[in-house]
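Here is a short briefing on one protein model. Keep the structure open while reading.

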Amino acid sequence: MQTDPSIEAYRRGRLTVVLSGVVMSLGAPLVRLLEEATTWQFLTYRSFAIVVMLSVALLWRYRLAVGAELVRSGMTAVLAGLLLGVTFVSIVFALLSTTIANALFMLSTAPLLTALLGHFFLGEAVGRFSWIAIGAALCGAFVMLGDGLRHGDAFGDLAGLTAAVSFAGYSVVLRAGKNQDMLPSVFYGGLFSGITAAVTGLLSTGLAASAWDVGVSFAYGSVGIAGGLALYTLGSRHVPAVELNVLSLGEMVLAPLWVLIAFAEVPSVTTLLGGTIIIFAVVVQASSSWLAAEAGGGGRRGLGVMAG
């Protein structure tokens with residue numbers, strides 16, 4: 001029996017989004033390798049790496065027609081890039097200004113915000129399994145918050161919330177532009193955040209950094225960000241907005257694991273417990289969606305997949 005092409009695309013999209021979370025989780029150990037770079041210096045060179053990598057990817061994909069493709073992507077890609085640029089800047093400030101637990105908790109609200117925005121702007125249905133998975137993920141984030149909550153500050157929490165809101169908006173805009181290539185949005189995101197960081201850096205401490213820190217920033221931008229978000233953007237064409245952030249939450253669990261392996265930094269019991277709950281939420285969401293896809297269109301609609 002032949003499989004519905006839309007179901008096959010849906011399966012590939014889910015797998016691509018999950019893989020994007022794995023790739024983006026590689027950034028945590030790289031940040032630990034920084035020596036003396038300031039926040040703006042790190043953001044500048046990381047963003048430059050994103051722009052370079054996406055330029056190469058777009059040139060390889062479209063050759064001499066890359067300019068026309070950027071124009072064809074239109075204001076939808078520009079808006080998505082602007083929201084992504086805000087995410088790039090705000091999440092770094094969150095991680096550097098408050099505890100990791102606080103930053104992750106704020107960022108973990110993105111799936112709920114995505115569901116609300118997707119329902120309001122795109123009319124996407126949110127089924128009970130999607131809500132259960134989101135609730136479980138938030139509960140896991142609450143557990144991971146643990147003792148770190150009292151050590152956070154208002155600025156860091158606000159930066160984390162800003163990152164969650166902007167990334168949720170990015171996810172919804174991607175879905176709105178699903179019928180066009182939205183890969184340029186990652187290019188725009190790197191460009192916007194890079195210009196912001198470079199101008200601010202030049203006006204404050206300057207942009208001079210060690211070759212090592214520049215290399216670490218480039219590695220993070222080219223692999224952890226450009227690679228991860230390219231996968232996320234490609235997968236988003238076949239996965240509803242509410243599922244996008246839930247399926248990519250594995251980044252928050254895997255990042256502490258890589259740091260443990262590379263630097264023997266042992267997570268707390270609360271972090272491990274919360275991470276387990278988040279992994280469970282990701283597995284439940286992915287499994288329930290897969291079963292619904294196997295059952296056909298009717299089951300998919302009940303799990304938060306776009307109807308029609």
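Buried means under 20% relative accessible area, exposed means over 50%, and partly exposed lies in between. At 12% relative accessibility, Tyr 188 therefore counts as buried. The model is predicted. The protein has 14 helices and zero strands. Buried residues make up 50% of its 308 residues.

**Overall build**
- Along the sequence, the pattern reads α-α-α-α-α-α-α-α-α-α-α-α-α-α.
- Among contacts with a separation of 6 or more, 90% join residues 24 or more positions apart.
- The protein exposes about 13,700 Å². Carbon and sulfur atoms supply 72% of that area.

**Nonpolar cores**
- The largest nonpolar core holds 52 residues. Leu 43, Leu 54, Leu 84, Tyr 170, Val 186, Leu 229 and Tyr 232 touch the most other members.
- Helix H4 (residues 66-97) gives this core its largest share, 10 residues.
- What does Tyr 170 contact, leaving aside its neighbours within four places in sequence? The partners are Ala 80, Leu 83, Leu 84, Ser 185, Val 186, Leu 229, Tyr 232 and Thr 233.

**Aromatic pairs**
- The whole structure contains 10 aromatic pairs.
- Phe 120 and Phe 121 form an edge-to-face pair, 4.9 Å centre to centre, with 90° between the planes.
- Phe 120 has a relative accessible area of 65%, so it is exposed. Phe 121 is at 57% relative accessibility, so it counts as exposed.
- Why is the pair of Tyr 188 and Phe 192 stacked? The ring centres are 6.2 Å apart and the planes are at 15°, and planes under 30 degrees apart count as stacked.
- Tyr 188 and Phe 192 both lie in helix H9. They are four residues apart, about one turn of the helix.
- Tyr 188 is buried, whereas Phe 192 is partly exposed at 26% relative accessibility.
- Trp 40, Phe 93 and Phe 155 form one aromatic cluster.

**Surface patch**
- Leu 191, Ile 195, Val 199 and Leu 203 make a nonpolar surface patch of about 380 Å².
- Where is Val 199 found? Val 199 sits in helix H9, which covers residues 184-203.
- Val 199 is at 44% relative accessibility, so it counts as partly exposed. Patches are made of residues with over 30% relative accessible area.

Notes
Residues are numbered from 1 along each chain as its sequence is written. This is a predicted model: local features need pLDDT of at least 70, side-chain atom pairs count only at pLDDT 80 or more; totals for chains, interfaces and linings use all residues. Side-chain values use heavy atoms; hydrogens and water are left out. Patches are made of residues with over 30% relative accessible area and no salt bridge: like charges are joined within 9 Å, nonpolar side chains (Val, Leu, Ile, Met, Phe, Trp, Tyr) within 5 Å. Accessible areas come from the Shrake-Rupley method with a 1.4 Å probe; for residues, only the protein chains shown count as cover. A salt bridge is a side-chain nitrogen of Lys or Arg within 4 Å of a carboxyl oxygen of Asp or Glu. Helices (H or I, at least four residues) and strands (E, at least two) are DSSP runs, numbered from the N terminus. Buried means under 20% relative accessible area, exposed over 50%, partly exposed in between (1.4 Å probe, protein chains only). A nonpolar core is a set of buried Ala, Val, Leu, Ile, Met, Phe, Trp, Tyr and Cys residues joined through side-chain atoms within 4.5 Å. Contact means heavy atoms within 4.5 Å. Rings of Phe, Tyr and Trp (its six-membered ring) pair if their centres lie within 6.5 Å; planes under 30 degrees apart count as stacked, over 60 as edge-to-face and the rest as tilted.
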